[in-house]
Amino acid sequence: MMAARILYLQQLEQEEQEGEPRPRLPRLFRQRTDLFEYWRDGEFHARFRFTKERVRRIVDLLRDDLELPTNRNHAVSAERQLLTALQFYATGTFQRVVGDTTNISQSQTSKLVKKVSLALAALAPQYIKYPE
């Protein structure tokens, strides 16, 4: 796969030098596994700091804010959005590393963390009560 991509890039460079228009690179869609099925309960909790059941409850609360009304362009599910943000919060690592483990690009990881953070913050008044 890597060798084919290198040959493709070399061909593009040669065509560019010859003055031919450069075609766009084909879009790359990564396979996304079901993280609820992939990780055992203990491993899941270690990575996301929540149980699978608790994550499902949180997803149900946030689904309307997170899920897109379309599946075009391989839209990221509400579950994967929340898990990506939770892993970022839990590990405190770089977005690129979190994205690599969940098969999402760094830029998309950044957008998802912001989106999930805002959705969680909107729910805070319902679940956090400060003393008066």
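At 17% relative accessibility, W39 counts as buried, where buried means under 20% relative accessible area, exposed over 50% and partly exposed in between, with a 1.4 Å probe and protein chains only. The model is predicted, so local features need pLDDT of at least 70 and side-chain atom pairs count only at pLDDT 80 or more, while totals for chains, interfaces and linings use all residues. Residues are numbered from 1 along each chain as its sequence is written, and side-chain values use heavy atoms, with hydrogens and water left out.

| Residue | Relative accessibility | Class |
|---|---|---|
| Y38 | 53% | exposed |
| W39 | 17% | buried |
| Q81 | 1% | buried |

The structure holds four aromatic pairs, a pair being rings of Phe, Tyr and Trp (its six-membered ring) with centres within 6.5 Å, counted as stacked with planes under 30 degrees apart, edge-to-face over 60 and tilted for the rest. The ring centres of Y38 and W39 are 4.8 Å apart and their planes stand at 85 degrees, so this pair is edge-to-face. R47 lies over the face of W39, at 3.5 Å from the ring centre; a charge sits over a ring if NZ of Lys or CZ of Arg is within 6 Å of the ring centre and within 35 degrees of the ring normal. One aromatic cluster is formed by F36, F44 and F48.

The largest nonpolar core has 19 residues, of which F44, F48, V55, L62, L66, L82 and L83 touch the most other members; such a core is a set of buried Ala, Val, Leu, Ile, Met, Phe, Trp, Tyr and Cys residues joined through side-chain atoms within 4.5 Å. The elements giving two or more residues to this core are α2 (35-38), α3 (41-48), α4 (52-66), α5 (78-91) and α7 (106-127), helices being DSSP runs of H or I of at least four residues and strands runs of E of at least two, numbered from the N terminus.

Leaving aside neighbours within four places in sequence, L83 is in contact with L35, F36, F44, F48 and V55, contact meaning heavy atoms within 4.5 Å.

The secondary structure of the protein comes to seven helices and zero strands, and buried residues make up 26% of its 132 residues.
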